[in-house]
Amino acid sequence: MKRFSPRLGRPFSSVKLARVVRTLFVLIGLLSTVLGRSATSQGMSSLKLDALKDSLAARKTKAFLVIRNDQIIYEWYAAGHSATATHYTASMAKAIVGGLSLGVAVSDGRIALDDKAAKYIPQWKNDSRKSRITIRQLGSHTSGLEDAEADGLPHDKLTGWKGDFWKRLDPPRDPFTLSSDVTPVLFDPGEKFHYSNPGIAMLSYVVTASLRDAPQKDIRTLLRERIMRPIGLPDEEWLVGYGKIFTVDGLPLVGAWGGGSYTARAVASVGRLMLREGNWDGKQLLSKDAVRQITIDAGTPGYCGMGWWSNSSGRYPKLPKDAFWGSGAGHQVMLVVPSLNLIAVRNGDVLGETKNEPSQYGEPVREFLFEPLMDAIMADAPTKTGATPYPPSPVINEIRWAPKETIARHAEGSDNWPMTWADDDALYGAYGDGNGFEPFIPDKLSMGFARIAGRPPNFTGSNIRAPTGETRGEGAAGKKASGILMVDGVLYLWARNAGNAQLAWS
């Protein structure tokens with residue numbers, strides 16, 4: 001018999017670990033989608049989510065992901081796309097790059113929304129209008145800076161400074177210099193809403209300027225070190241700023257008006273961080289106040305936070321007023337509804353044609369995503385005595401218990417038993433606080449290993465001795481297995497009661 005020799009707490013390839021973790025999430029996602037039971041158990045109709053998916057699929061959707069109560073309850077990808085494939089963000093980057101990096105800087109006390117932008121942009125100090133623009137106005141499209149769009153033309157058909165903005169040329173015709181020195185100011189700052197890509201370019205400029213004495217000097221590095229890696233996202237699952245850095249005025253500038261590329265799950269992870277007010281599994285990565293400031297209505301004309309869109313005014317009546325979202329060309333959307341503990345991500349091409357106006361661009365999102373998603377939320381189940389606490393399962397019709405006389409008991413005295421099916425068609429498991437299968441091993445182990453072969457009622461269990469993995473100690477004093485999984489012929493196991501959790505592999 002091959003010896004199972006786990007290595008606990010030793011160096012482990014981050015790439016290999018990421019592959020194992022992604023495999024776990026893929027398995028979880030597939031189970032959630034196929035069985036549909038996660039949706040109903042979390043108060044959403046799997047039938048209505050299926051109908052919503054079908055509608056979205058017919059409208060050029062490539063990815064559709066729904067998370068409720070911290071569970072993936074629906075996940076679907078079009079042919080040629082997948083959970084590990086990235087998709088362009090377009091202007092959703094304004095939220096998940098521009099707004100998010102601003103949130104880090106606000107959390108660190110480096111910048112405030114009502115600071116004058118000229119505090120960070122010296123060349124604006126003597127301009128009668130630009131000197132009055134605030135960070136809040138840049139983030140909420142009320143700065144007065146003109147947009148780099150004209151007559152609905154595609155970007156490669158634009159001329160002059162607007163055409164150059166999208167070409168991402170080197171200085172002095174780079175997007176940041178054009179936004180700072182060439183883009184006209186159309187009205188007094190704060191007077192009205194006017195969507196502006198150059199305004200978001202200057203938002204990323206001032207955030208970068210606030211980082212001069214920070215450990216991370218550009219917003220790409222800031223997001224990687226302060227947000228993405230702490231929430232467990234591998235570098236290959238996200239990209240920002242078109243993958244380019246512009247050096248202007250001695251600053252390493254990264255575009256935040258577009259140019260992102262994320263997996264749907266990476267986008268949803270950012271949404272989860274926002275939904276949890278900056279807290280990721282007990283670690284406060286952003287201050288609660290910073291999250292509130294960037295996601296709720298900024299109190300300026302329009303319905304914006306800082307790069308995010310807000311429903312505080314009740315613009316979409318079917319959405320709760322605490323809903324906020326990021327959105328970009330092609331109707332890339334990530335919706336967060338804290339009061340419903342709900343996150344949804346949609347990627348693809350345009351859901352439907354609209355007028356070339358920001359106020360109208362969201363109408364297909366409302367019609368084909370927001371409202372059907374809200375319709376899929378089921379009414380609260382009755383809680384009176386005798387009522388069923390959950391709606392009927394669309395998959396499980398009944399449960400029948402085998403006669404108690406058929407129960408087979410082996411390995412008595414051992415508990416825990418996480419198991420995995422292996423390539424040799426046997427089950428491998430780890431037991432706790434026991435002596436394993438008969439014949440019992442001499443020492444009582446806090447964590448031991450076993451192989452189970454055959455089918456009920458004629459199955460057999462045998463102990464696997466693993467000197468480097470077996471542990472001793474009663475209860476919390478001994479390491480225990482929390483989960484076990486085989487991937488490509490290798491067994492992986494999480495061990496707890498070890499300070500931090502440890503990963504073992506065969």
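Residues are numbered from 1 along each chain as its sequence is written. Since the model is predicted, local features need pLDDT of at least 70 and side-chain atom pairs count only at pLDDT 80 or more, while totals for chains, interfaces and linings use all residues, and side-chain values use heavy atoms, with hydrogens and water left out.

Let's start with the helices (DSSP runs of H or I, at least four residues; strands are runs of E, at least two). The axes of α6 (residues 160–167) and α7 (residues 175–182) come within 8 Å and cross at roughly 150 degrees, the axes being lines fitted to C-alpha atoms over the stretch in contact, with angles from 0 to 180 degrees between N-to-C directions. That makes α6 roughly antiparallel to α7 (over 145 degrees). Trp 161, Asp 164 and Phe 165 of α6 meet Pro 175, Leu 178, Ser 179 and Val 182 of α7 (contact means heavy atoms within 4.5 Å).

Next up is Ser 261, which sits in strand β7 (residues 261–262). Ser 261 is buried, with a relative accessible area of 18% (buried is under 20%, with a 1.4 Å probe and protein chains only). Among the residues Ser 261 touches, leaving aside those up to four places away in sequence, are His 87, Tyr 88 and Trp 238.

Finally, there's an open sheet of three strands, ordered β18-β19-β20, with antiparallel pairing (two strands pair if DSSP finds at least two bridges between them). Its edge strands are β18 (480–487) and β20 (502–505). β18 and β19 (residues 490–496) pair over seven bridges, and Leu 485 has Tyr 492 of β19 as its bridge partner.

Conventions: Parallel < 35°, antiparallel > 145°, perpendicular 65-115°, else oblique. Buried < 20%, exposed > 50% of the residue type's maximum accessible area, 1.4 Å probe, protein only.
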